[in-house]
Amino acid sequence: MKTLDPTETDKPWDAIVIGAGPAGSTTAALLAEKGRRVLVLEKEKFPRYHIGESMMPFCWFTLDRLGLAEKMDEIGFTQKHSVQFVTTEGKISRPFYFFQHYEHCSATTWQVERSVFDQMLVDKARENGAVVVEETKVLDVIRDEETGAVKGVRSESKEGRVDTWYAPITVDATGRDALMIAKNKWRRRDPALNKVAIWTYYEDAVRDPGLDAGSTTVAYLPGKGWFWYIPMRDNRVSVGVVAEREYLFKDTRDPGEIMAREIQENAWIKEHLAPAKQVGEYWVTGEYSYRSDYCADDGVVLVGDAFGFLDPVFSSGVFLALKSGELAADAIDEALTNGDVKASQFQEYGKQVCWGMEMMRKIVYAFYNEDFSFAKLIKMHPELRPKLTDLLIGNVYGQDFSDLLAAVDGIAELPADLDYGMKIPTPGKGVAATV
C-alpha cells in the first residue's frame, strides 16, 4: 500500500480522482491496474455511512473485473434473489427472480452496508497502486490560462493546508456534491421526478420466508409514493419512504412522525414492522433526479452521481456508479495513450452512460404513472417479461428495448430522450473561471 509523500505535490500524476465512492474508486482501481499513476482525494474518512444499499445483479460484472465478486460472499452480505412489488392493500406481485431469467452467478446479488462495501472498493484502489488521501477537500479545479482546460486541482487538508495537484485528466467523482455541476451551473433537474426520501433502520422486523428473505420490496403508497424495504445483515432492515415533498410534509416536518404516518398506509409494511424497533436516526434527502449538461470538459470527466442520478426505485445508483467508473477508466486510459484529453474524446463515454440512464428513466416514469402497473404490462404482453427483467437487473447495454418501451408507452406516455449529458461544452462557454 502506498502512502502520500507531500513533497510530490508538484509532480504530475496521470489522473486525479476527486472522491472515493464507488464511481471514483472503480475508476482509480482500473486506471492504476493499467499502470497509471493515480491520486484519489477524498473529503471524508472511510469507512463512512452512505445510503444506496440494494444492488442490481449486473453490478457483478464490474465487481468481477475488479476481482471483488467472490469477496462479496466472503464478507457475508445478505443475498438478494429478487425484487417484488406490493400494493397498498398488501398484495404481493409475482417476484422477479433473477435466476429464472438467466443462469449465471450474477443472478444472486446483495444488500450491502455501504460503509463496508465502499471501504472494500477504496482498499482495492490502494491495492492496485492508487494513492488515496482522505480528509482532504478539493476546493476547485485549476484551468490552463491559455486553453481553459482543467490541468489540476486545489485541495485543503483537515489541518488547513492548501495543496495544488496536477494531472492531464481529472475525474469528478464527488457524488451529489457534484463539483463541476455546481461550479459551472450544469445541473438539469427532472421536474417530474422531484421526490423526497425519508429513511431509517429497524431491528426485529419481519422477513419473508425462504428465498424472499433478502428480497428488495417496493411497497406502494396511495398516489404513487412508495416504500423500500431492504433486509440487511445483523437483524437490520433499511426502510425508506419516497414521495412528493408536498405530500410528505403536508402536516408535519418531523421525519419520525411522517414515517409513522405513512407506515399505516401500506398493509404489508405495517405488518412487517409491527414487531420491529426503530434504531438510529432518520435521514432526509431530496432533488432525486438530475443530470449534468455535459459529461466532460477538456481535462475532466464526470462519473457516478457527479454526472447524474436517477430516482432510486429500481436500485440503479450503485450500478450506474460502478458502470460509469468502468467506462470512464477505459476511455481515460485510451485518451492518455493517444495524448488527447479534450472533452471530445469522452463524448462516446457520455452517450454510453446516458443510454443506460435513459432506458431506466423511462420505466421510472411509467412507475409513477397512475395508469401503469407491471402486472398490467405483463398481462397485456407476457412475452416482454424477459425484457422488463433485463431492465430491472441492469442488463441495459447492447439491448434493443424498443418493443418494451412501445408497450409501456401504450399504457403510460413516456418522456422523450434527454439531449443533455451526452454533449460537451463549446470552448470558452459554460466553464468556471481560471484560478
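In this predicted model, the axes of helix 1 (residues 22–33) and helix 5 (residues 114–127) come within 8 Å and cross at roughly 20°. That makes helix 1 roughly parallel to helix 5, a label for angles under 35 degrees. Axes here are lines fitted to C-alpha atoms, for helices over the stretch in contact, with angles running from 0 to 180 degrees between N-to-C directions; helices are DSSP runs (H or I, at least four residues), strands are E runs of at least two, and both are numbered from the N terminus. The crossing of helix 1 and helix 5 is left-handed, that is, the near helix is turned anticlockwise from the far one by less than a right angle (clockwise would be right-handed).

From helix 1, Pro22, Ala23, Thr26, Thr27, Leu30 and Leu31 take part, and among their partners in helix 10 are Ala321, Leu322 and Ala329.

Next comes the core. The largest nonpolar core has 130 residues, and Leu63, Phe117, Phe314, Tyr349 and Phe367 touch the most other members. Such a core is a set of buried Ala, Val, Leu, Ile, Met, Phe, Trp, Tyr and Cys residues joined through side-chain atoms within 4.5 Å; buried is under 20% relative accessible area, exposed over 50%, and partly exposed in between (1.4 Å probe, protein chains only). Leaving out residues up to four places away in sequence, Leu63 touches Phe117 and Leu322, among others.

Most residues other than glycine have a negative phi, and most peptide bonds are trans. Phe46 and Pro47, however, are joined by a cis peptide bond, with omega about -5°. Asn235 has a positive phi of about 60° and is partly exposed, at 36% relative accessible area. Ser315 has a positive phi of about 60° as well, but Ser315 counts as buried at 14%.

Residues are numbered from 1 along each chain as its sequence is written, and side-chain values use heavy atoms, with hydrogens and water left out. Local features need pLDDT of at least 70 and side-chain atom pairs count only at pLDDT 80 or more, while totals for chains, interfaces and linings use all residues.

Definitions and conventions
Contact means heavy atoms within 4.5 Å. Angles under 35 degrees count as roughly parallel, over 145 as roughly antiparallel, 65 to 115 as roughly perpendicular and the rest as oblique.
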